[in-house]
Amino acid sequence: MTLTRLLSAFVARHWRAYASAAVMLATIAVLTVWIPRQVGHLVDGLAQGRLQGPDLWMQLGLLLGAGLSIYLLRVGWRLQLFAAAYRLGRELRTRLYERMTLQGPAFFQAQRSGDLMALATNDIDAVEMAAGEALLAAFDGSLTLILVLSMMTLGVDWRLGLAALVPFPLMALAFWFISNHVHLAWKDSLARFSSLNQHAQESLAGVRTLRALGLIPRAGRQFHELADHAGEAAFRAQRWEAAYEPAVGMALTAATVIALGLGGWLVARQELSIGQLTSFTMYLGQLIWPMFAAGWVLSLLERGRAAWSRLQPVLDAPLSLQDGGRLALPTDVPLHLQDLGFSYPGSERAALGGIDLSLSPGRTLGIVGPTGAGKSTLIKLLLRQFEPTEGQVLLGQLPLVEVRLEALRRGLAWVPQEPFLFSASIAENIALARPDASREAIEQVARLAAVHEDIAALPLGYETLVGERGVTLSGGQRQRVAIARALLSEAPLLMLDDALSAVDTGTETQILAHLRELREAHPERGLVVVSHRLSAVMEADEIVVLKAGRIVERGTHDTLLAAGGWYAAQWRYQQLEASLDAA
Ligand SMILES: Nc1ncnc2c1ncn2[C@@H]1O[C@H](COP(=O)(O)OP(=O)(O)OP(=O)(O)O)[C@@H](O)[C@H]1O
């Protein structure tokens with residue numbers, strides 16, 4: 001869809017607002033061209049001594065009334081129009097936001113978040129301006145131009161009108177040339193603003209790392225450079241825009257010279273009155289607005305077009321994950337992974353291959369292995385963040401793709417190693433999936449996640465604000481708050497993706513014991529524990545060891561120890577490490 005089609009569809013949908021703004025503008029234009037004509041009559045009347053007393057006051061009153069009406073109508077059309085244009089901005093922002101929330105990680109891997117933020121702010125503003133000011137200025141400018149030209153040629157003198165228009169085609173040529181450059185300059189400027197945004201966003205998110213590595217001055221220099229480039233690009237666009245004004249000025253000066261020369265000659269030959277020449281020169285002055293409007297409209301449309309060409313591909317990008325599912329998630333069926341394989345988009349190497357696994361309700365599956373083995377990737381496939389490239393995941397007999405994504409996401413509670421806490425109270429963060437949960441329910445899951453005492457020790461307890469503007473919780477506390485959040489969701493399958501890594505072994509044992517009790521109370525629920533620390537999986541019903549994306553060992557803790565492979569060696573190493581720590 002082009003910008004023209006987007007704007008036409010929008011105008012068609014909001015035609016009432018545009019029509020009433022257009023009526024007001026048309027009235028303004030008529031009043032505006034009526035004024036010079038009235039002034040001409042007034043001048044001739046005064047020069048000939050016909051106009052005196054109440055008549056004179058009446059004529060002056062009419063002029064004043066016209067000026068006042070123009071003022072009120074201008075306020076009216078602006079209010080109508082901007083309300084409509086804001087609606088377009090809101091629609092586009094909502095569409096972009098909704099589209100982004102439907103996209104999977106593959107989409108975000110290909111997009112820079114600074115770019116997406118720039119699209120949601122700067123670029124949508126540019127499209128909004130095109131729908132608002134540009135459209136109406138185009139209408140107003142064209143209408144004024146037609147009326148003024150008609151008054152000049154038909155209302156005053158057609159010879160004078162035609163002669164005064166001679167310089168304008170040259171100006172149109174200059175406009176065309178300038179607008180091409182303006183388009184390119186704005187496109188470049190918007191792209192540079194995106195890079196600047198990206199840099200600011202990354203630097204703020206990673207400010208601690210930059211500070212710790214002493215990289216603040218370097219990041220500052222880079223920011224300075226990007227800000228310079230963005231500023232230069234915007235200035236280049238403005239420089240081209242600035243060329244409109246001299247082009248208009250030159251055309252108008254030439255037209256005025258012609259009008260005064262020819263007009264003076266016609267007055268001398270008594271073919272034109274002084275009042276008519278006065279009206280004519282006032283009309284010439286009124287041509288300034290349509291000329292400027294043309295330059296301004298072109299610039300706004302070019303900017304809108306540049307922004308739309310960046311925005312549209314993101315709005316129309318196919319969803320990286322299609323939701324073809326129709327069914328709700330069953331609450332207690334076994335999970336089967338059949339010959340599952342996966343390669344990340346653009347990656348030659350398979351991250352997972354030949355994975356066969358099952359998890360029955362009420363049981364625990366442990367997944368361990370060296371770093372980069374594919375543990376988190378397996379969880380991402382279960383969450384359908386990515387689609388397997390081989391094999392499939394079955395729930396009972398049902399392929400995972402048959403389940404509605406939204407039902408799936410509610411049915412699987414996932415706690416990552418570094419959970420995200422929102423800028424809200426701890427209670428709100430825990431109750432994310434169930435905002436109506438009672439305080440008792442929230443405290444109960446916090447006790448199960450062994451974080452209740454930590455929360456109670458905070459000055460405002462459960463009402464303590466966390467996240468960017470609140471207190472900073474330790475890594476272990478954040479993980480436990482996230483576990484409490486997952487437990488409150490009461491999802492049939494809980495997946496801990498190294499979610500106990502920052503918790504000490506004593507607390508880990510306590511949490512795992514609580515989870516076991518919970519599963520005994522709810523035998524339909526299952527648990528998947530991914531961990532580097534083997535103590536977190538030692539009680540699992542089955543443990544699989546992944547290496548380079550393949551299952552290399554499987555069994556219970558005891559059988560794996562007896563097998564004497566990676567698991568046994570790693571267990572001995574971790575036991576030794578723990579005893580050294582304790583010593
Ligand atoms: N988004 C991604 N794009 C491309 N490759 C990826 C992506 N995420 C992970 N990989 C690669 O896939 C492989 C498996 O990674 P994964 O994160 O699943 O390992 P892991 O066992 O969870 O590691 P760790 O224990 O360090 O968390 C690694 O080789 C990794 O480099």
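Let's start at the ligand: helix α13 (residues 375-382) gives the most to the shell around it, with three residues. Helices here are DSSP runs of H or I with at least four residues, strands are E runs of at least two, and both are numbered from the N terminus. A quick word on what you're looking at: this is a predicted model, where local features need pLDDT of at least 70, side-chain atom pairs count only at pLDDT 80 or more, and totals for chains, interfaces and linings use all residues. Residues are numbered from 1 along each chain as its sequence is written.

The shell includes Gln109, Tyr344, Lys375, Ser376 and Thr377; a residue gets in if its C-beta atom, placed from the backbone, lies within 6 Å of the ligand. By class, that shell has three nonpolar, eight polar and one charged residues. Nonpolar means Ala, Val, Leu, Ile, Met, Phe, Trp, Tyr, Cys and Pro, charged means Asp, Glu, Lys and Arg, and the others, Gly among them, count as polar.

Now for the strands. β3 (residues 364-368) runs parallel to β9 (residues 542-547), with four bridges, and isoleucine 367 is partnered with valine 544 in β9. Strands count as paired if DSSP finds at least two bridges between them. On to β10 (residues 550-555), which pairs with β9 in the antiparallel sense over five bridges. β9 and β10 make a hairpin with two residues between them, and alanine 548 in the turn has a positive phi of about 45°.

Stepping back, the chain has 21 helices and ten strands, and its C-alpha trace spans about 120 × 50 × 50 Å along the principal axes.
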